[in-house]
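Please keep the sequence to hand while reading.

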Amino acid sequence: MATSMDQALGMGLVAFAGAIFSYYTIWVIFMPFVDDDHFLQQFFLPRFYAIALPVVAGLIFLTFIGVFVTAVTLAKKKKSK
C-alpha cells in the first residue's frame, strides 16, 4: 500500500511531467505562429532546441539501455562459466 509520501511524490512527478508536456506542446505547435517580437517568445528557447533536445535525450537513453543490456549479458555469461 502506498504511503502518503509516495502518493505526494507520484502526484508531483505527474504534475511535473504534465508541465513539461504542456510547455513543449505550446513551444512546438503554437509558438511558430506567434510573431518573433511578441513578448511570449522570451519564455521559449530557439526552435532549433525543440528538435535537438529530444534527440540528445533519446540518444542518451538508448546509450544507457545498451550499456545495461551489455552489462547484464556479460554478467550472465560470466556467472554461467
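The model is predicted. Helix H1 spans residues 4–30, and helix H2 spans residues 48–80. Their axes come within 10 Å of each other. They cross at roughly 135 degrees. Angles over 145 degrees would count as roughly antiparallel, and 65 to 115 as roughly perpendicular. H1 and H2 are therefore oblique to each other. The crossing of H1 past H2 is left-handed.

Which residues make the contact between H1 and H2? From H1 come Tyr24, Trp27 and Val28. From H2 come Tyr49, Ala50, Leu53 and Pro54. The contact of H1 with H2 divides into seven nonpolar residues, no polar and no charged.

**The aromatic rings**

How many aromatic pairs does the structure hold? It holds four. One of them joins Tyr23 and Phe44. Their ring centres are 4.9 Å apart, with 20 degrees between the planes. Planes under 30 degrees apart count as stacked, and the pair of Tyr23 and Phe44 is stacked. This pair links distant parts of the chain. Tyr23 sits in helix H1, while Phe44 sits in the loop between H1 and H2. The two are 21 residues apart.

Tyr24 and Trp27 pair as well, with ring centres 5.8 Å apart. Their planes stand at 90 degrees, so this pair is edge-to-face. Both residues lie in helix H1. They are three residues apart, about one turn of the helix. Ring pairs join Tyr23, Tyr24, Trp27 and Phe44 into a cluster.

Tyr23 is partly exposed, with a relative accessible area of 34%. Tyr24 is also partly exposed, at 31%. Trp27 is buried, at 5% relative accessibility. Phe44 is buried too, with a relative accessible area of 15%. The cut-off for buried is under 20%.

**Residues in the loop and in H1**

Met31 lies in the loop between H1 and H2. Its relative accessibility is 4%, so Met31 counts as buried. Setting aside neighbours within four places in sequence, Met31 is in contact with Ile26, Leu40, Gln41, Phe44 and Arg47. Met31 and Phe44 are 13 residues apart in sequence. In space their C-alpha atoms are 8.5 Å apart.

Val34 is in the loop between H1 and H2. With neighbours within four places in sequence left aside, Val34 is in contact with Gln41 and Arg47. Val34 counts as partly exposed, at 21% relative accessibility.

Val14 belongs to helix H1. At 60% relative accessibility, Val14 counts as exposed. Val14 and Gln41 are 27 residues apart in sequence. Their C-alpha atoms lie 26 Å apart in space.

| Residue | Relative accessibility | Class |
|---|---|---|
| Met31 | 4% | buried |
| Val34 | 21% | partly exposed |
| Val14 | 60% | exposed |

Conventions: Residues are numbered from 1 along each chain as its sequence is written. This is a predicted model: local features need pLDDT of at least 70, side-chain atom pairs count only at pLDDT 80 or more; totals for chains, interfaces and linings use all residues. Side-chain values use heavy atoms; hydrogens and water are left out. Axes are lines fitted to C-alpha atoms, for helices over the stretch in contact, and angles run from 0 to 180 degrees between N-to-C directions. Helices (H or I, at least four residues) and strands (E, at least two) are DSSP runs, numbered from the N terminus. Angles under 35 degrees count as roughly parallel, over 145 as roughly antiparallel, 65 to 115 as roughly perpendicular and the rest as oblique. A crossing is left-handed if the near helix is turned anticlockwise from the far one by less than a right angle, and right-handed if clockwise. Contact means heavy atoms within 4.5 Å. Ala, Val, Leu, Ile, Met, Phe, Trp, Tyr, Cys and Pro count as nonpolar, Asp, Glu, Lys and Arg as charged, and the others, Gly among them, as polar. Rings of Phe, Tyr and Trp (its six-membered ring) pair if their centres lie within 6.5 Å; planes under 30 degrees apart count as stacked, over 60 as edge-to-face and the rest as tilted. Buried means under 20% relative accessible area, exposed over 50%, partly exposed in between (1.4 Å probe, protein chains only).
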